[in-house]
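Reader: Could you take me through a structure with attention to its helix packing and backbone geometry?

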Amino acid sequence: MDETEFWKLVDATREAAEGDPEDQADLLVERLLQLDPDSVLDFARHFEARYNRAYRWDLWGAARVLLDGADDEAFDFFRCWLIGQGREVFEGALHGDPDSLADLLEDFDAEIDGDGEELGYAADEAYEQLTGTVTPDLGIPPAPAEPEGTPLALENEGALADRYPKLWQRFKGA
């Protein structure tokens, strides 16, 4: 599975789930079960590599604004959700400025959006169902010990409002 196929699968399941991350995860498992185990591992590698790339202070700050707070676990789930939003949103947030999420996201419902925990387990679940064994080591570098970039004062709402003016305006109504 190459990168284009990875993103097609992410997009197709998001669209079919109408944006609901839990439904998307279920559909993703169903689609992955139609593939061979090696392709599922390829999908897992693509997912994990992007998950690790998103371990950045600037994205964590954006998650804090969108989720009205985000501890370590919430940020982990946010990164899974961000991948589930597809290539345009994911790459736009990583290569542009995370504040651009204000323009990239059509809408955002803090009750269901921002938490893609189940998406992070979809490939593992499919692989286990296909093979009866747990997913082996994917052979990709681990995430850095600390987020990439310049640390942010995540508890400082004024600093977050200054750093993410579009997100703050759109989602916090300030």
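Predicted model: local features only at pLDDT ≥ 70, side-chain atom pairs only at ≥ 80, totals over all residues.

Reader: How do helix 4 and helix 10 cross, and at what angle?

Author: The axes of helix 4 (residues 57-67) and helix 10 (residues 165-172) cross at roughly 15° and come within 9 Å. Since angles under 35 degrees count as roughly parallel, the two helices are therefore roughly parallel to each other.

Reader: Is the crossing left-handed or right-handed?

Author: Helix 4 passes helix 10 in a right-handed crossing.

Reader: Which residues meet there?

Author: Helix 4 contributes Ala62, Val65 and Leu66, and these meet Leu167, Trp168, Phe171 and Lys172 of helix 10. Of the residues in this contact, six are nonpolar, one is charged and none is polar.

Reader: Turning to the backbone, what is the phi of glutamate 18?

Author: Glutamate 18 has a positive phi of about 55°, although it is not a glycine. Most residues other than glycine have a negative phi.

Reader: Where does glutamate 18 sit, and is it buried or exposed?

Author: Glutamate 18 is in the loop between helix 1 (3-16) and helix 2 (21-32). Its relative accessibility is 74%, so it counts as exposed.

Reader: And what about the phi of aspartate 68?

Author: Aspartate 68, which is not a glycine, has a positive phi of about 55°. Its place is the loop between helix 4 and helix 5 (72-84).

Reader: Why does aspartate 68 count as exposed?

Author: Aspartate 68 counts as exposed because its relative accessibility is 58%, and the cut-off for exposed is over 50%.

How values were computed: Residues numbered from 1 in each chain as written. Heavy atoms only, no water. Axes fitted to C-alpha atoms, helices over the stretch in contact; angles between N-to-C directions. Helix = DSSP H or I, 4+ residues; strand = E, 2+ residues; numbered from the N terminus. Parallel < 35°, antiparallel > 145°, perpendicular 65-115°, else oblique. Left-handed = near helix turned anticlockwise from the far one by under 90°. Contact = heavy atoms within 4.5 Å. Nonpolar A, V, L, I, M, F, W, Y, C, P; charged D, E, K, R; others polar. Buried < 20%, exposed > 50% of the residue type's maximum accessible area, 1.4 Å probe, protein only.
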